[in-house]
Every structure is written in structure tokens, then in C-alpha cells.
Amino acid sequence: MNEDILKVFANYDSRLSIDKLYGKQNSGGGGVGSGGGASEEQHMPLSSFERTLRTLDRQISQVVNQDRLIWSELDAAEAFLEAVDDLIATIKDLESAPLSNNQAVLDRADDLLQKCMFRLEREFKSLIERPDDVAPAVPSRPTGFDSDDSDGYEYDEDLEDARIPIARPVTDYDVVIDALPPGAVSDLQKIARRMVSAGFGRECSETFVQARKSFLEESVARLGLRPRTAEEVKSTAWDELEIEIARWIPAFNMVFKILIPSERRLCDRLFETLAPYGDMAFAGASRPPAHQLLSFADSVAAASRSPERLFRVVDMYESARDLIPELDFIFSDEYSGSLRNEVITVCTTLGSSIKGIFMELENLIRRDPVRVAVPGGGLHPITRYVMNYLRAACGSRQTLEEVMEGGEYGSMPAGSVDPDRPTSSLAIHVAWIMDVLQKNIEAKAEIYREPALSSVFLMNNGKYILQKVKDSELGLLLGEEWEKQMNSKVRRWIREYQRAWAKIVSVLNISEGGVRMEKLRVFNNYLDENCRAQSEWIIAEEGLRGEVRRSVMEMVVPAYRNFIGRLRGVNDGRDGYVKYTPEIVEVMIGDLFRGNERR
């Protein structure tokens, strides 16, 4: 009867097994056999271990061999955990026993423990992957994403077969999500403690990583990103890649500010007091999504450095840079600390790419062909492109200053920049690009056969450069002295243009050859020819156009009026030979540089 009762209790709790009770009786020296010899005293504990192991084997095998999940029934799960606790305690007792002939029993116990751990791994993985299927009394709706009234998702109503959740845009990244229901977390903690206690902590961490893999991959995919190799990034058209980068920036913030911190919190809760296995699990789970995002950024940085890529690369750099201070806490352990270093490395690589893009801008200006002249001496496309580019780049001036301070501009000859200019690294970069642009424009001006048209071309481009500098932060970078020098150049080009009219006015010089009709005919021919040609020329900026016209009028009209007056005196006041009155000459000069209006 006693043995029958003990068997009933043994099925409920192995700590009350016949073997253990007999073991206690025998070790206490009472009962039958207490007076036996030394060989019997050694044999009895061994028999007790065997009986205990046999009972545990029977209990555990019934559970581990079943198909359904143990955690689908709370009582069964608790009983199984108690059996595992007893098995671990038995193994420790065996390991501490002095008798050498316990080894066979210990080997069997280790084999049974291995079966338990395999089954706990399966349960652990299932609880993580499908917590609602196995954890009792857990709500079926996703938790931790939104308010009480909404699950944080919208659904595609056009699909009949399945409701596909589509993540809503996130603007506030100061949030951490509870990745699993509280009940599942509690059960997982219990499993983790048993696995660590049995010496399977690393396997538990690896199981966590495997279980979270699909969820984390799906999370990144829902943000609109897919894994790309460096070759794919390199060969992708810029228009498509730009769209991908636009998705990457919010995804990067989402992953590093919400998803990974949520994994950190989950690991800290599951593996509480079980260091270092929580850190190992976190590092293993976080690395794939982090690596996917960082690998893409690294591939973008290593790809083409054409100037149009600057602004997106700056956006990526700023996202990585702004994140780094927040990583000190998240990646604070020895296993995940390398991820923080990878973010820093990618940030540095993006910074190098930014500097490389500026160097490529310089090369682009140098390579721009000099062969084709702009009609009418108008604004050259390279001037418009470079100035608008630099003006837009100054919108990120603080970031560019930070990047440029990180290294020298290798292609810049020493002493090429006036020391009176602002001396920040970005200012030096921009000043050097401006010098390259001006030299390129001056080379293009030599294409024009007419010196006056060449001067008009230089005026147009110089004035445009000045306007863009004054209307943006380029003025702060280049400084007042640079603006004064550029203004002086524009004034010089105006004077060089005026030389063409000085030649015409010299025909009316009375001190050389007196007042003769022949001079008037030559003047009229020059005037007709210049006005006809220069009316097709272009001075785009209204203020400059008016200034040049006035300067020509001030040179020509007074000299012409004086000459006509003297000629009338010589010819008894007759003026039938005068083709143009001074007023008409003013009107003709006022019609100069209307080429852009006629096009």
C-alpha cells in the first residue's frame, strides 16, 4: 500500500519518488539492510540513483515524445519543468558522489537531459514565434504598437485571400515595443533558467536568434527594403537608387530607434540574471537587420560619386551621425559593442564619400568642354549648375563643415587659397571650386571671336556667380574680400566691353582730321553694325544690362551730339546729311542685349 501511494505521488512530483524515499531511509541507517556490510552500503545509493532516473525517464519521455506543444496546457508545462529541475538536481548529485561506478547512470542522465533540452528548445522557439498559439489567456491582437482601440496596422481591403498588414508611417521614434505578450515572456523566462542551469545557455541564446529571425526580416521588409548586394547597388540607376535611399532613412531610424531597442528590452527580460546569454541573444538577433541597413549605406558610399548624389548621401550621413550617441546604452556589452563600431565606420565612410563627391564636382568642371560657345554670350549651363549646386549644398553647411574638418582636400595645391578668406575646411573647398569654375569660364570666353562678346559672356557669368553668393550662405563661406575681388572682375569686364565702343567714338574725334562727312559715314556704319549684332547679345541680369547700356550712351551720345553740332556749323546749319539724331542713337543703344527677349 505504501509503495502504491508513493507511486501515485511520484507521478505528480518526482521529488516524492520511491527511489528518493528509499535513498533517505538507507542513508539514515534505519530499516531492513541497515546492518549490512560496506559493499551493501555502497550498492544502495547507486540503486537509489537508478530508480530515481528510471522514474524521471518515464515521466519525461511521455512528455517529450508527444506531438502537441507542452505549453498548450499550463499544468503539463509546470509538471515538465519540475521534472527537469529534478533531473538537473539528480545529475548534480551524481557528479558530486564519490563512487566511480555512478558513471553509467550519469551518462544515461545526461542523455535524458539532452532530450529535455531539445524539447525545451522547441517549446522556446514556438513560444517566441507563435505566442498566441501556445500561451494561455493571451489576447490575439498584436500588442505594443498603438492605442487600445487600434492594433497599429492598416489592411489592404483589395486582397480577398489574406489581410496583409501595412505598417503606418512613424514619426515619433521615442518608443519601445513589447515584442511578446507578458504571459509568453514569463514562460520563456522559466525555460531559459532551466536551459542555463543545465549548461545550455548558449543553445538557448541561439534558439532565440533563430526564432526572432523571420520576424525581424519581415519587419525590415515591411519598411520597403530588401537585401541588396554591393554589385546590385553599384549597377542600379540613380533614379531607382534615390527612391531606395529615401526609404532607407526612415527605415534606419525605425530599426535602430525602435526595433533593436525593443529586442534589447525583450532579451533583458527573458534572460534576467542570466548574463551573458541575454547579451549574446541580443547581439545575434540584432546583427542581421543592422547589417542589412549598414551594408546598403556602405555600398552607396562606395558606389559612383557623381555630384547629384551628394544630398542623399548627406541625409544618410546625418541619420547615422545622429544615432551614434544613442547607441552607447543599447550596444553597451561586449557582444553587441561591435555593432556600434560598425555604425561609426559607415558614418565615416559616408563622410569620405561626401568629400569624394566634392572632388568629383571639381573634376566635372574641369572636364566640361570648351568647344561650344553660348549664343549671345549668355549664362553658361556649367555656371548655373555649379552655383545652384553649391547654394543647395549650403543648406547642410554645418554637416559639410563637420565632414570636411575630418581630412584634407587632397587635390588642392598648397597656398592656392588667399589666407584672408575664411579658413574652415568647407570654405577652402568651396573657394577652390569657385576658382576652378572661374578659370573654366575664362577659358570658354576665348572661343568668341569678338572681344566685346567675350566680355559680355564673362560679365553674365560673373554677375550670376555674385548673385548666388550674396543670396546664400556661400557669402559667409567665401567672405567679403572674395566678393570684392569678384566685383572688381565684373567691373573690369565691363571696361573691356566698352573698348569696342571707344573705337567707334574715336572716329568722331575732332582733333584728328577735323569735322568731315567721311567720319560721319564711318561712324554710321560702325553704329549700324554694332547695334545690329549686339541687339542679339544677352545680358540676363536687368541691373547689369541697364548699367552697360547707360555706360555706352554716356560714351557715344555726347560725342555724337558734339560732332553733329560742329558739322552743322561747317555746312551752314544744314543737316540733311545726318542719318541719325542723337535721340535715335540713344534708342538704338537702348535696344542692345535683347537677345533673350527675342528668343
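Trainee: Are helix 8 and helix 11 roughly parallel or roughly antiparallel to each other?
Mentor: Please keep in mind that this is a predicted model. Helix 8, residues 201–222, packs with helix 11 at an angle of about 30°. Angles under 35 degrees count as roughly parallel, so the two helices are roughly parallel to each other.

Trainee: How far apart are their axes, and is the crossing right-handed or left-handed?
Mentor: The axes of helix 8 and helix 11 are 8 Å apart. Helix 8 passes helix 11 in a right-handed crossing.

Trainee: Why give both an angle and a distance?
Mentor: Two packed helices are described by the angle between their axes together with the distance between those axes.

Trainee: At what angle does helix 10 pack with helix 11?
Mentor: Helix 10 covers residues 238–270 and helix 11 covers residues 277–302; they pack at an angle of about 170°, with axes 10 Å apart. Because angles over 145 degrees count as roughly antiparallel, helix 10 is roughly antiparallel to helix 11.

Trainee: What kinds of residues make that contact?
Mentor: The residues in the contact of helix 10 with helix 11 divide into 19 nonpolar, two polar and four charged.

Trainee: What about the loop between those two helices? Which peptide bond there is cis?
Mentor: The bond from alanine 275 to proline 276 is cis, and its omega is near 5°. Proline 276 is found in the loop between helix 10 and helix 11.

Trainee: Which residue in that loop has a positive phi although it is not a glycine?
Mentor: Threonine 273 has a positive phi of about 65°, and its place is in the loop between helix 10 and helix 11.

Trainee: Is threonine 273 buried or exposed?
Mentor: Threonine 273 has a relative accessible area of 72%, and exposed means over 50%, so this residue is exposed.

Trainee: Where does phenylalanine 593 lie, and what is its phi?
Mentor: Phenylalanine 593 lies in the loop between helix 21 (582–590) and helix 22 (595–598). Its phi is near 65°, a positive value in a residue other than glycine.

Trainee: Buried or exposed, that one?
Mentor: Phenylalanine 593 counts as buried, because its relative accessibility is 0% and the limit for buried is under 20%.

Trainee: Changing topic: how many disulfides does the structure hold?
Mentor: The structure holds zero disulfides. As for individual cysteines, cysteine 267 counts as buried at 1% relative accessibility, and cysteine 394 is buried with a relative accessible area of 6%.

Trainee: Back to helix pairs. How do helix 13 and helix 14 pack?
Mentor: Helix 13 (residues 337–367) and helix 14 (residues 381–393) pack at an angle of about 165°, with their axes 11 Å apart. That angle makes helix 13 roughly antiparallel to helix 14. The crossing of helix 13 and helix 14 is left-handed.

Trainee: How far does helix 4 reach?
Mentor: Helix 4, residues 74–96, has 23 residues and reaches 33 Å from its first C-alpha to its last, which is close to the 33 Å expected at 1.5 Å a residue.

Trainee: Which residues of helix 4 are buried?
Mentor: Among them are Phe80, Leu81, Val84, Leu87, Ile88, Ile91 and Leu94. The buried residues of helix 4 also include Asp86 and Thr90.

Trainee: Last one: where is asparagine 525, and is it buried or exposed?
Mentor: Asparagine 525 is in helix 19, residues 517–534. With a relative accessible area of 51%, asparagine 525 is exposed. Asparagine 525 and isoleucine 504 are 21 residues apart in sequence and 9.6 Å apart in space, C-alpha to C-alpha.

Note on methods: Residues numbered from 1 in each chain as written. Predicted model: local features only at pLDDT ≥ 70, side-chain atom pairs only at ≥ 80, totals over all residues. Heavy atoms only, no water. Helix = DSSP H or I, 4+ residues; strand = E, 2+ residues; numbered from the N terminus. Expected span 1.5 Å × (residues − 1). Buried < 20%, exposed > 50% of the residue type's maximum accessible area, 1.4 Å probe, protein only. Axes fitted to C-alpha atoms, helices over the stretch in contact; angles between N-to-C directions. Parallel < 35°, antiparallel > 145°, perpendicular 65-115°, else oblique. Nonpolar A, V, L, I, M, F, W, Y, C, P; charged D, E, K, R; others polar. Disulfide = S-S within 2.5 Å. Left-handed = near helix turned anticlockwise from the far one by under 90°.
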